[in-house]
Amino acid sequence: MPLDPAIVYVVDDDVSVRESLELLIRVVGWRVETFASARDFLARSRAEGPQCLVLDVSLPDLSGLDLQKLLLTDDVNLPIIFITGHGDIPMTVQAMKAGAVEFLTKPFEDTALCDAVRHALERSQAALAREAELRALRERHASLSEREREVMALIVVGLLNKQVGIRLGISEITVKAHRGKVMRKMRADSFAELVKIAARLGVAASEGLTWHALVHL
């Protein structure tokens with residue numbers, strides 16, 4: 001089933017290719033927008049939600065591979081499906097190493113394109129879910145008091161409550177109280193989960209301990 005409100009962008013300088021791909025994509029049930037050049041595509045503000053790009057390698061201004069590099073430089077998470085009438089192995093390898101979902105040589109089967117688009121949109125949906133989860137974790141961490149953030153940074157690198165208390169100049173009982181608040185506010189069901197959350201957020205005091213070492217404490 002198509003992901004809704006998923007959108008597929010098509011960039012190809014051949015109007016007949018654009019029209020045929022637009023028809024195919026609409027028939028399947030996805031939204032679609034077409035562009036004759038990479039610069040036209042870059043000038044358009046993209047919508048929210050799952051999306052992917054069907055991109056011709058050879059374009060009149062900025063090539064498809066150059067557009068891929070530009071998007072990667074700008075940290076734009078947009079799965080790309082390359083299409084070309086004269087692909088070669090080095091070109092394919094370059095595109096795939098840079099994260100392309102698929103590299104299709106014209107003429108290709110409709111099912112091949114649809115399968116690639118479906119895979120790309122699923123990848124986009126998964127990335128959006130990860131980003132949303134990370135934003136939520138950051139918001140929870142921001143809700144901590146300064147002292148709670150200090151306690152969290154120390155306990156996730158393996159320091160005991162007593163050691164944390166000595167480091168911060170507070171009692172062990174106070175550390176336990178802050179620790180409990182940290183667990184509740186970060187919605188961590190266990191200490192191991194809190195450590196994983198801290199790793200995702202990049203939150204840890206510099207204690208000379210690596211995450212690998214902590215696992216074996």
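**Close-up views of a predicted model**

**View 1. The contact between helices α5 and α9.** In α5, the residues R130, E133, L134, L137, R138 and H141 meet I197, R200 and L201 of α9. These contacts belong to a predicted model. By residue type, the α5–α9 contact comprises 4 nonpolar, 1 polar and 4 charged residues. The two helices pack at an angle of about 105 degrees, and their axes are 10 Å apart. Helix α5 is therefore roughly perpendicular to α9, since angles of 65 to 115 degrees are classed in this way.

**View 2. The contact between helices α7 and α8.** N161, K162, V164 and G165 of α7 meet E172, V175, K176 and R179 of α8. The residues of this contact divide into 2 nonpolar, 2 polar and 4 charged. An angle of about 105 degrees separates the directions of α7 and α8, whose axes lie 8 Å apart. Helix α7 is thus roughly perpendicular to α8.

**View 3. The largest nonpolar core and the surroundings of L194.** The largest nonpolar core contains 24 residues, and those with the most contacts inside it are M152, V156, V164, M186, L194 and L201. Two or more residues are contributed to this core by each of α5 (110-142), α6 (146-155), α7 (161-168), α8 (172-185) and α9 (191-201). In soluble globular proteins, nonpolar side chains tend to be buried together. When neighbours within four places in sequence are left aside, L194 is in contact with M152, I155, V156, V182, M183, M186 and A188. A second, separate core has 22 residues, including V10, W30, C52 and V101.

**View 4. The five-stranded sheet.** The 5 strands form an open sheet with parallel pairing, in the order β2-β1-β3-β4-β5. Strands β2 (31-35) and β5 (102-105) stand at the edges; each has a single partner strand, so one side of each is left without a neighbour in the sheet. From one strand to the next, the twist averages 20 degrees. Strands of a sheet pair through backbone hydrogen bonds, either parallel or antiparallel. Here, β3 (residues 51-56) and β4 (residues 80-84) pair in the parallel sense over 4 bridges. D56 stands opposite I83 of β4.

**View 5. Helix α5 against the sheet.** Helix α5 lies across β1 (7-11), β3, β4 and β5. Its direction is at about 135 degrees to that of β3.

View 6. Not counting residues up to four places away in sequence, V32 touches I7, V8, V10, E22, I25 and R26. V32 and A120 are 88 residues apart in sequence, and their C-alpha atoms are 14 Å apart in space.

**View 7. Q68 in helix α3.** Q68 is found in α3 (residues 64-73). With a relative accessible area of 4%, Q68 is buried. Beyond the residues up to four places away in sequence, Q68 touches I80, F82, Q94, A95, A98, G99 and A100. The range of strand β4, residues 80-84, takes in two of these contact partners, I80 and F82.

Notes. Residues numbered from 1 in each chain as written. Predicted model: local features only at pLDDT ≥ 70, side-chain atom pairs only at ≥ 80, totals over all residues. Heavy atoms only, no water. Buried < 20%, exposed > 50% of the residue type's maximum accessible area, 1.4 Å probe, protein only. Contact = heavy atoms within 4.5 Å. Core = buried A, V, L, I, M, F, W, Y, C linked by side-chain atoms within 4.5 Å. Pairing = 2+ DSSP bridges. Axes fitted to C-alpha atoms, helices over the stretch in contact; angles between N-to-C directions. Parallel < 35°, antiparallel > 145°, perpendicular 65-115°, else oblique. Nonpolar A, V, L, I, M, F, W, Y, C, P; charged D, E, K, R; others polar.
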